[in-house]
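Student: I have a new model open on my screen, and I would like to learn my way around it. Could you walk me through it?

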Amino acid sequence: MDSVETSQADTFPFGRGLIQIVDVPPLDPGIYSLTPDEAQFFKAATGINDDNMLRTHILSAQEKAYKVAPYPCILDFAFVRMWITKQPVYQDILDIGRERPDAIFLDLGCCFSVDSRKLALDGFPARGIISSDIKKEFLELSHFLFRTSNGTWAGHSVQGGVLDPEMLSVAPITRGSKVGSLPDLSALTSLNPLHGHCSVINVSCFLHLFTEEQQLHLARALAGLLSPEPGSLICGTQFSKKEKGSVTTFFGSSKPILFCHSPESWMELWDGIVFEKGEVEVKVNTQPFLIAGQTLDNMVWSVRRL
């Protein structure tokens, strides 16, 4: 498969609003690679055991997604990296799925829903998994990538933007026992019926797209979704700085701006601002990450209810 030429200017959702990327870089199949663990997962999840056929299939999915929105994570194959498995709390998430009869895992900004599919393959009941993205096409491409349909995949999907209060509003944090009975997950058209019900919320490679004020708003919105049961988790990955502030990135001829928290400011936001001090345990670690030719600090974090 040759390099795919895309249009020279694309406008698409980028956290705080719409962004235009000028001189969109072409796809380069030559940088495709899977680790042994990634190859094992995609073979099991797609039913494609031949390496060359799997490569062709993933490249086809990448091409379709890049036409929807040319995000750097699609260009650089970051979408295959199973980010959820990088979480030190990954085993805890699987335990929640096994031990709680009505466990709900919400995957926000899911793109191809790779984290959701990996979690299901490792034992979290798919009937309790909800994938959500602002682009309906990404939810449909998840079925293309994993060769499933609404009839064969037991998980659920909800399309919408997280800054839309009809999709996700800020609600008071649930304390004590859970509020009411679970909604019908197959009938969800927004995330608001999930207030107080989510056992685990995953937000990988997502929140740094928003402003500092929007990140605080979204943290409060996520806290309102979280189950009050001890051990319930919000986790994710995002770019960070040693001191919080804006970071200019480079993609094509454009310079998208990210807002990056420091590990300290991120911990303070959750433990003391969003939740009462001592109500949660926050853990953060960072590591360098190369994307679109630029090395940034990548923060892997979790917030656990005590």
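This is a predicted model: local features need pLDDT of at least 70, side-chain atom pairs count only at pLDDT 80 or more; totals for chains, interfaces and linings use all residues.

Student: Which residues lie nearest the centre of the second largest pocket?

Tutor: This pocket holds about 300 Å³ of space. Its lining is made up of 14 residues. Those nearest the centre are Leu 139, Glu 140, His 143, Asn 150 and Ser 157.

Student: Which element gives the largest share of that lining?

Tutor: Two elements give two or more residues to the lining of the second largest pocket: α6 (136-146) and β5 (156-159). With five residues, the largest share comes from α6.

Student: How many residues of the lining of the second largest pocket are polar?

Tutor: The lining can be sorted by residue class. Two of its residues are nonpolar and three are charged. The polar ones number nine.

Student: Let's move to Ser 204. Is Ser 204 buried or exposed?

Tutor: Ser 204 sits in strand β6 (residues 200-204). Buried means under 20% relative accessible area. Ser 204 has a relative accessible area of 10%, so it is buried.

Student: With which side chains does the side chain of Ser 204 make a polar contact?

Tutor: Setting aside residues up to four places away in sequence, Ser 204 touches Trp 83, Leu 108, Gly 109, Asp 115, Gly 236 and Thr 237. The side chain of Ser 204 makes a polar contact at 3.4 Å with the side chain of Asp 115. Another polar contact, at 3.3 Å, joins the side chain of Ser 204 to that of Asn 202.

Student: Now the aromatic rings. Why is the pair of Phe 42 and Phe 146 stacked?

Tutor: The structure holds 15 aromatic pairs, this one among them. Phe 42 in helix α1 (residues 36-46) and Phe 146 in helix α6 are 104 residues apart, and both are buried. Planes under 30 degrees apart count as stacked. The ring centres are 6.0 Å apart and the planes lie at 5 degrees, so the pair is stacked.

Student: And which residues do ring pairs link into a cluster?

Tutor: Start with Phe 77 and Phe 79, a tilted pair at 5.9 Å centre to centre, with 35 degrees between the planes. Phe 77 counts as buried at 0% relative accessibility, and Phe 79 counts as buried at 8%. The cluster linked by ring pairs is Tyr 32, Phe 77, Phe 79 and Phe 112.

Conventions
Residues are numbered from 1 along each chain as its sequence is written. Side-chain values use heavy atoms; hydrogens and water are left out. On a 1 Å grid over the protein atoms alone, a cavity is a set of points where a 1.4 Å probe fits but cannot get out, and a pocket is an open set with protein on both sides within 12 Å along at least five of seven lines; lining residues have an atom within 4 Å of a point. Grid points are joined across faces, edges and corners, and a volume is the space filled by probe spheres set on the points. Helices (H or I, at least four residues) and strands (E, at least two) are DSSP runs, numbered from the N terminus. Ala, Val, Leu, Ile, Met, Phe, Trp, Tyr, Cys and Pro count as nonpolar, Asp, Glu, Lys and Arg as charged, and the others, Gly among them, as polar. Buried means under 20% relative accessible area, exposed over 50%, partly exposed in between (1.4 Å probe, protein chains only). A polar contact is a pair of N or O atoms within 3.5 Å; within protein, one must be able to donate a hydrogen and the other to accept it, and residues adjacent in sequence count only if both atoms are side-chain atoms. Contact means heavy atoms within 4.5 Å. Rings of Phe, Tyr and Trp (its six-membered ring) pair if their centres lie within 6.5 Å; planes under 30 degrees apart count as stacked, over 60 as edge-to-face and the rest as tilted.
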